[in-house]
Amino acid sequence: MDVDIDYWISFAKDYAQSVGLQLDSEAIYCWDNPIRAGAHCEYLERDIHSRLDRYSADEEITAVWIWAEEVSDGIYDLYIGYA
């Protein structure tokens with residue numbers, strides 16, 4: 001079963017806003033290692049929460065943008081850019 005990457009992008013965007021981060025499509029030039037997303041990934045929710053919690057605690061980060069790039073069949077890198 002493939003991962004529904006659109007669900008996880010929406011999930012991450014909703015969570016980002018819930019912890020006080022703004023969504024900004026220009027926040028694509030800085031990011032940490034992407035989060036691997038695939039049907040085998042058991043801790044995707046935890047990893048997204050952890051990353052966004054860390055960004056929201058950083059006073060210099062006010063905005064994020066979330067997108068994914070497919071790396072192989074059904075496996076994605078989920079990027080969380082910040083500014």
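Predicted model: local features only at pLDDT ≥ 70, side-chain atom pairs only at ≥ 80, totals over all residues.
User: How do β3 and β4 pair, parallel or antiparallel?
Analyst: Antiparallel, over eight bridges. Glu70 stands opposite Tyr76 in β4, and Ser72 stands opposite Ile75 in β4.

User: And what is in the turn of that hairpin?
Analyst: Two residues lie between β3 and β4, and Gly74 in the turn has a positive phi of about 80°.

User: What about β1 and β3?
Analyst: They run parallel and are joined by two bridges. Leu23 stands opposite Val64 in β3.

User: Val64, ok. Which residues have the most contacts inside the largest nonpolar core?
Analyst: Ile48, Leu52, Val64 and Ile66, in a core of 21 residues. The elements giving two or more residues to this core are α1 (5-18), β2 (35-37), α2 (44-57), β3 (63-72) and β4.

User: Which element gives the most?
Analyst: α1, with seven residues. As a general point, nonpolar side chains tend to be buried together in soluble globular proteins.

User: What does Leu52 touch?
Analyst: Not counting residues up to four places away in sequence, Leu52 touches Ala12, Tyr15, Ala16, Val19, Leu21, Val64 and Ile80.

User: Switch to α2. Which residues there are buried?
Analyst: Leu44, Ile48, Arg51, Leu52 and Tyr55 are buried in α2. Seen down the helix axis, the buried residues fall within an arc of 90°, so they line one face of α2.

User: What do they pack against?
Analyst: The buried residues of α2 pack against α1, β2, β3 and β4.

User: How far apart are the end C-alpha atoms of α2, and what should the helix span?
Analyst: The end C-alpha atoms are 20 Å apart. With 14 residues at 1.5 Å a residue, α2 should span 20 Å, so the two values agree.

User: What does Ser56 touch?
Analyst: Val19 and Leu21, leaving out residues up to four places away in sequence. A polar atom of the Ser56 side chain also lies 3.0 Å from the backbone oxygen of Asp53.

User: How far is Ser56 from Val3?
Analyst: Their C-alpha atoms are separated by 26 Å, and the two residues are 53 residues apart along the chain.

User: Last one, Asp77. Where is Asp77?
Analyst: Asp77 is in strand β4 (residues 75-82).

User: Is Asp77 buried or exposed?
Analyst: Asp77 is buried, because its relative accessible area is 10% and buried means under 20%.

User: Which side chain makes a polar contact with the side chain of Asp77?
Analyst: That of Arg36, at 2.7 Å. Arg36 is also one of the residues in contact with Asp77 once neighbours within four places in sequence are left aside.

How values were computed
Residues numbered from 1 in each chain as written. Heavy atoms only, no water. Helix = DSSP H or I, 4+ residues; strand = E, 2+ residues; numbered from the N terminus. Buried < 20%, exposed > 50% of the residue type's maximum accessible area, 1.4 Å probe, protein only. Contact = heavy atoms within 4.5 Å. Polar contact = N/O pair within 3.5 Å; in protein donor to acceptor, adjacent residues only side chain to side chain. Core = buried A, V, L, I, M, F, W, Y, C linked by side-chain atoms within 4.5 Å. Expected span 1.5 Å × (residues − 1). Arc of directions from axis to C-beta. Pairing = 2+ DSSP bridges.
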